[in-house]
Amino acid sequence: MREWVDATVKHLLDAKPKRVLELGCGTGLLLFRVAPACEHYMGTDISLTAIRRLETLTEKLPQVSLRQQPAHYTEGIEPGSYDLIILNSVIQYFPSVEYFLEVLDAAVRAVRPGGTVFIGDVRSLPLQEAFYCSVEQFKARRALTPEERSSRVKERMEREHELLLDPQLFVKLAESKPQFAHAEIQWKRGSRCNELTRFRYDVLLRVSASEQRTVEPLLLPWTSVRDAESALQKLAGQDAEAVAIRGVPNARLRGFLEEVGEDAVDPMAFVELERSLPYDIAIHWAGPGREDRFDVICTRRDLSLDKRIVQTGSGKSEGSEEWGAYANRPVKLAAPGGLSPELRSLLKERLPDYFIPSACVTVRSFPLTSNGKIDRAALPAPGRERPELENPYVEPRTPLERRLAELWSSVLGIPQIGVLDSFFELGGHSLLATQLIFKLRDELGIEIPLRVLFETPTIEWMSAAVEAIQSGQGELVASRLDLWSESSLPFDIRDPGTAGQASRPVQNILLTGATGFLGAFLLRELLRSTAADIFCLVRGRNEEEAMRRLQTNLAKYGIRDEAVSERVRVIPGDLGQERLGLSEAAFERLAGQMDALYHNGSMVHFIAPYVEHKAANVLGTREMIRLANTGRFKTLHFVSTTHVFSGRDIKNGVLLEKDLPQHPEDLRLGYTQSKWVAERMVLEAACSGLPALIYRPGRIWGDSVTGRCQSSDFMWLIIKASLQLGLIPAMEAELEIVPADFAARAIVHLSGAETPDGRAYHLVNPTRTTWSEVIESLADYGYALRTVPYGIWHERILQAAAESGDQAAKAVLPLLEGDWGDGMSEFQVVYDCTHLHQGLKGSGVTCPKLDRSLMSTYLTYFVQTGFLPQPSSGKTGHQGA
């Protein structure tokens, strides 16, 4: 966010305005940056709340005046009294192009000759389809057919409630209205590739003045960024005022527009040239029908744009004389809950699925009690209608589909459900999904694995799955995954002899997953054991938001001093996006700056299918390998898992560290499938010469000193559900429990001491703990539990979830599918740790046994946080922890 705000402020201050009028000033995002440089700044907004807030915040800015009024209302504003009019990030909310033109006419009357009207964050009409293709591509749970994608995009476009404008509109305005001398149309700039920098633009409408003259730029043919830099350096020596490079293919639209090929360039690669050249560089719209390209306009920094206008080459407008031809018609949101899809998408990024509301009710204001609090009893009840969805309604067509629709309706509370409706878009979540599976078992006598619902959450697919089971075909698979093909790298690893490696000490480290559990401890250990600066890739709209997320996570696990360390930096990005969500230039700059990469970040959901894990776990690893392979080689430290192995990989009951997982077809969880693919890519890169090490931790529990742990761990969910039942399953099982602080210390020590030759380390506890010892530790802590056979315990869990709505039982049930009745067979294997023992020899880094003392530490933490109940007996062994 800071980047594009900085770029916008630069646009505005380049003209050195003395008097500014901002229509729609909102929270003051631009006001506080621009007003200090002005003699007078008038801000208007339709929101009285926004104006009152700004009045308080601008008390020390006497040049600022504020008014509450709509954008088109300019009564009391003297004609020609302002140098600059700002309409930033507001016109998308205008009801029509006609209203926009009304506002623009009012703005033009207020600006002096030679002044500027700035219109920011305009959504591009010609790129609307490409934008929604990108949205559907990102959201799809599986690969969409062209017909499905086209249908979804068309429906989204028909429901568009914001105003989108064709850049040609502004060229047409400059041609037809004598007040305007020129329309300058620039794409939003920023190092991150997102909706703003791909599909939005800014407009500077220059108002005519007698002293203005037009500068025709010198034209350079487009070949490459390097050639352009060389040519611009020569032209700078010849005092060239302005230079243009036309028709550069735009890499940011690769994958969204068919015309964009492999020769495309990230626009920011040109902007980066500003550092070494005496030119300001702007990325301009290339003209009608050339949305896949951009123009580069370079102007000398001493060129006064108050008096000279560079001919940017947008050309003459084409097409209709009607203004409506250059805009869409926004759909009015008449139905309550019309924002539900957008709201649901936002909430999914921040909340567990079972915390997401199943209904959204729009109200004009909240009813209040006499004490000023929200009167919950007076709130309107949520409607039971089918919400607005991307797919059209298709009614059930067969008796089985109609019966399934009835069961879905009883669980979701929605009377009308179509066979193509997604269970989760209707408000379903994992707990409701479990209830639905119960109803299928009880009323149809069908056992459908919960993951089938997650993979294909429609009645159409569920009907096919039921028919397959009833006919004896077995479990229906929506699509066969070819994980071997998924694990192929789409690029070559460079020759180690020519790539070069850093000879300097490690100064800069990139860490992913620092907002997760193990990642928090890794960050702490990297700060303690190295002198490097740690750069954390964190999802966030800007650095401030990313840093807040990081600090919140560190505080959660009691890692407070590191949260404010001056050696910690954040990089807003996204593992699931190309180049980690960074621009090509920012990605290459990061590659040149980093000395080592610790890739710990991943999505972990033990029910969600592979396709949902792919973006973060597979594509994220691919981009980290790309980063390690860009510029000089950087060592990639990859955190995998012991669960990439299947039963067929085990030889004589032992898994060696040098063994390679060879049977992905046996892996049933989407998470483990994605980690298998990711590890295979790292192994492929290492075999080609990329320096890398692989760490395979087993089950990670909390800090061995403080007990701070994640409550979503499968075994702790079993323990919590058992405590609520008063029953615990008897199982012949051994647990491989690794404290998080040990895992972090081991990884950091090994990463600094070992040759990065692609070897793997099994981070498991050398001393196993039996399930019986865990039960004894619970009893020693004061919990009264009766041990029963696994089958009885499982049946009681089913009953508790179905009859009493027991939340702990519901939370653990989805994870009990498969072969758990055989006594937790996933733990019945010995992990060879030869590499681990050799690497840690003499380091003092040892893994503590999960004994009663350590169990007491964990239990105390969970009791103090309320995750586990207080023991009925006072016989707790670690109360002061």
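W701 and Y858 are both buried (buried means under 20% relative accessible area, exposed over 50% and partly exposed in between, with a 1.4 Å probe and protein chains only). The model is predicted, so local features need pLDDT of at least 70 and side-chain atom pairs count only at pLDDT 80 or more, while totals for chains, interfaces and linings use all residues. Residues are numbered from 1 along each chain as its sequence is written, and side-chain values use heavy atoms, with hydrogens and water left out.

The rings of W701 and Y858 form an edge-to-face aromatic pair, with 5.7 Å between centres and 85° between planes. Rings of Phe, Tyr and Trp (its six-membered ring) pair if their centres lie within 6.5 Å; planes under 30 degrees apart count as stacked, over 60 as edge-to-face and the rest as tilted. This pair links distant parts of the chain, as W701 belongs to strand β21 (residues 699-701) and Y858 to helix α29 (residues 852-865), 157 residues apart. Helices (H or I, at least four residues) and strands (E, at least two) are DSSP runs, numbered from the N terminus. Y858 has a relative accessible area of 0%. Its C-alpha lies 4.5 Å from that of G707, although Y858 and G707 are 151 residues apart in sequence. Around this pair, one aromatic cluster is formed by W701, W716, Y858, Y861, F862 and F867.

In total, the structure holds 41 salt bridges. R768 and E736 form one of them, with their closest N and O atoms 2.6 Å apart. R768 lies in the loop between β25 (757-763) and β26 (769-770) and E736 in the loop between β23 (734-735) and β24 (737-739), so the pair ties together parts that are 32 residues apart in sequence. E736 counts as buried, at 6% relative accessibility. The salt bridge of D757 with R759 has its closest N and O atoms 2.8 Å apart; here D757 is partly exposed at 40%, and R759 is partly exposed at 23%. A network of salt bridges links K10, D14, D280 and R301.

Aromatic pairs number 23 in the structure. F270 and F294 make an edge-to-face pair, 6.0 Å centre to centre and 80° between the planes. F270 sits in helix α10 (residues 268-271) and F294 in strand β12 (residues 293-300), 24 residues apart, and both residues are buried.

Helix α18 (residues 517-529) has 13 residues that should span 18 Å at 1.5 Å a residue, and its end C-alpha atoms are 19 Å apart, which agrees; the expected span is 1.5 Å times one less than the number of residues. Because 11 of the 13 residues of α18 are buried, the helix is largely enclosed by the rest of the structure. Among the buried residues are F517, R524 and E525.

I374, by contrast, is partly exposed, with a relative accessible area of 43%. I374 is found in the loop between α11 (340-348) and α12 (399-412).

Note on methods:
A salt bridge is a side-chain nitrogen of Lys or Arg within 4 Å of a carboxyl oxygen of Asp or Glu.
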